[in-house]
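Please look over the sequence and the fold before reading on. The paragraphs below go from single residues in loops to the arrangement of the whole chain.

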Amino acid sequence: MTWDRIGVVALGLLLVSGASGAGEKASVAWHPSRPRLGDVAWLHVQNVAEIATVEGSVDGRPLTFFPYASGHAALLGIDLEMKPGAHAWRVGVVEHGREPRIAQGKLLVARRDFPLERLTLPQTMVDLDPETERRAVAESQVLATLYRTITPERLWRGKFTKPVGRPAAGTGFGARRIINGQSRSPHGGIDYSVPRGTPVVAANAGRVALVAEFFFQGRLVILDHGLGLYTLYFHLDTTSVDEGERVERGQTLGTVGATGRATGPHLHFGAQVGAARIDPAALLGLSLLD
Ligand SMILES: [Zn+2]
């Protein structure tokens, strides 16, 4: 197999140059063209048959493609602690009767300044006894394993919606946290301050991947939207769905509470693309729609 390496361009938009010359030229575009930390970006490979095989990677990590708008698309989560600057990407297209084509370039990731947050919590929620420490570590491993699990089909459709109705916006994504004077890992989601008992709804269609009660996250529901995209609902008072269940956008998952490590009733809403912690607000503004 020979790969045509003509279509090499430095940034964002480019043509994948085919050797056979037949038909329209495929094009590759990133949306947004210059994402920032915490964004969910997507790569659009256009004018490629739905039956074509498309594969690609960023920094050597594979992307998961799906058919979209006369071509193929893949999501890229820009983790809140990703290194800003240039990240190498490549895309390969194999279509029947044509020579394989390849494109590559660099995606520029913009930095973003996150706020500093000082919190005071009961010392027992910060300095864990060995048994609780083991529990918390085991639970974080369960989550890490889940986020690495990629359901090959896309379960979400259209726009993502806020999981709680009333407040204008969630707060605190990426906040660097100083808890009881000690530096801790940054805040990976947004918090909605709403009264206990407020219904929490699914941001989009998916499958219930996990219902559990964890030390830090409290009572939780995690939805698998397919292709490595997950949404997270933490500190719930009650849950009303079962693992494995398919849910629709807007379906009630449970109610707001203050379970786990929480200073008061609120919903912690998170989103992951694989291991990348993305800003749920970016997911709510995702421009990939159908
Ligand atoms: Zn939170």
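In which loop is Asn47 found? Asn47 sits in the loop between β4 and β5 (53-58), where strands (E, at least two residues) and helices (H or I, at least four residues) are DSSP runs numbered from the N terminus. The model is a predicted one, in which local features need pLDDT of at least 70 and side-chain atom pairs count only at pLDDT 80 or more, while totals for chains, interfaces and linings use all residues. Residues are numbered from 1 along each chain as its sequence is written.

Most residues other than glycine have a negative phi, and most peptide bonds are trans. Asn47, however, has a positive phi, near 60°, and Asn47 is partly exposed, because 15 other C-beta atoms lie within 10 Å; a residue is buried if 20 or more other C-beta atoms lie within 10 Å of its own, exposed if 12 or fewer, and partly exposed in between, with C-beta atoms placed from the backbone. Ser70, in the loop between β7 (65-67) and β8 (71-77), likewise has a positive phi, near 50°, and Ser70 counts as exposed because it has 12 C-beta neighbours inside 10 Å. A cis peptide bond, with omega about -10°, joins His31 and Pro32, and Pro32 lies in the loop between β3 (26-31) and β4 (40-46).

At the level of the whole chain, there is a division into domain 1 (8-109) and domain 2 (116-284), with bounds that come from an automatic or database domain assignment. The centres of domain 1 and domain 2, taken over C-alpha atoms, are separated by 30 Å. Twelve residues from domain 1 and 18 residues from domain 2 take part in the contact, two residues being in contact if their C-beta atoms, placed from the backbone, lie within 7 Å. On the side of domain 1 that touches domain 2, β8 gives the most, with three residues.

The largest nonpolar core has 62 residues, of which Leu43, Leu76, Val221 and Tyr233 touch the most other members; such a core is a set of buried Ala, Val, Leu, Ile, Met, Phe, Trp, Tyr and Cys residues joined through C-beta atoms within 7 Å. Strand β18 (residues 229-239) gives the most to this core, with six residues. Because domain 1 (8-109) and domain 2 (116-284) both give residues to this core, it lies between them. Leaving aside neighbours within four places in sequence, Leu76 is in contact with Ala41, Trp42, Leu43, Val58, Leu63 and Val273.

Another buried residue is Asp191, which counts as such because 21 other C-beta atoms lie within 10 Å. Asp191 belongs to strand β14 (residues 189-192) and, apart from neighbours within four places in sequence, is in contact with Gly170, Thr171, Gly172, His266 and His268.

Finally, three strands form an open sheet with mixed pairing in the order β11-β12-β13, where two strands pair if DSSP finds at least two bridges between them. β11 (116-119) and β13 (182-184) stand at the edges, each with a single partner strand, so one side of each is left without a neighbour in the sheet. β11 and strand β12 (residues 176-179) pair in the parallel sense over four bridges, and Glu117 has Arg177 in β12 as its bridge partner.
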